[in-house]
Amino acid sequence: MSESDLDGDDGDGSSTAGLPATSRPDTGDQATAPGPATPTAIGVQKDTAALVECTRLTAVERLDEITGVGERAAQTIIAEIGLDMTRFPTPQHLVSWAKLCPRTIQSGPVIRGGKTGRGNPYLKGALGEAAAAAARTDTFLGERYRRIVKRRGKLKALVAVARSILVIVWQLLSNPSARFHDLGSDYHTSRVVTERKLRNHIAQLTAMGFHVTLQPVA
């Protein structure tokens, strides 16, 4: 826009801001400016409606839906990692950059785990507070904390939950139409344990010389 359009005053007191100047008569062939939008009733499918609803939500509002992450924590996370996830091709790249992945120390044949690096202190602080809040809930993240704390201790369990939260953040920021959905506190019991039992039984039957084909009950 030119300065005259921004001023909106042509010198004689009449306002012409935003109106194009033309000397041609109106013959009806020129394209007319669109008028005010009128509401229309359009039937929207369920998936399309969900996509429209997701696009209306801001990144902070979608991250706020994660268990343990509040509005302030979501703002801190976005301020530290940004909204462009193309810099991190996979969630593992983001986790490695944040120094929330376990480190392996090898000396000859001896392999042992090491401490995580320093990373971004503001990001790790926000994720640590979110992990501590999620650990007290009856959700997938809370159950993940309780499963790990029994054998690894509180600090390592909190780091593991913080890593899971950061992976969820990457998924939400990579796909603007994605929404957080909690898997439930019984996820490991109802799915992981069942799949492990199926693998064990199939391996045993295969070792006995049987070819196993599984078919769910109708």
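**Close-up 1. Contacts between helices H6 and H8 in a predicted model.** Leu127, Ala130, Ala131, Ala132 and Ala134 in H6 meet, with heavy atoms within 4.5 Å, a group in H8 made up of Leu158, Val161, Ala162, Ile165 and Leu166. The axes of H6 (residues 121-134) and H8 (residues 154-174) come within 8 Å and cross at roughly 105°, so H6 is roughly perpendicular to H8, a term covering angles of 65 to 115 degrees. Axes are lines fitted to C-alpha atoms over the stretch in contact, with angles running from 0 to 180 degrees between N-to-C directions; helices are DSSP runs of H or I with at least four residues, and strands are E runs of at least two, numbered from the N terminus.

Close-up 2. Leaving aside residues up to four places away in sequence, isoleucine 77 touches Gly82, Leu123, Ala126, Leu127 and Val169. Isoleucine 77 and leucine 127 lie 50 residues apart in sequence and 7.9 Å apart in space, C-alpha to C-alpha.

**Close-up 3. Lysine 99 in the loop between helix H5 and strand S1.** Lysine 99, placed between H5 (91-97) and S1 (103-107), has a phi near 60°, a positive value in a residue other than glycine. Lysine 99 is partly exposed, with a relative accessible area of 37%.

**Notes.** Residues are numbered from 1 along each chain as its sequence is written, and side-chain values use heavy atoms, leaving out hydrogens and water. In this predicted model, local features need pLDDT of at least 70 and side-chain atom pairs count only at pLDDT 80 or more, whereas totals for chains, interfaces and linings use all residues.

Notes: Angles under 35 degrees count as roughly parallel, over 145 as roughly antiparallel, 65 to 115 as roughly perpendicular and the rest as oblique. Buried means under 20% relative accessible area, exposed over 50%, partly exposed in between (1.4 Å probe, protein chains only).
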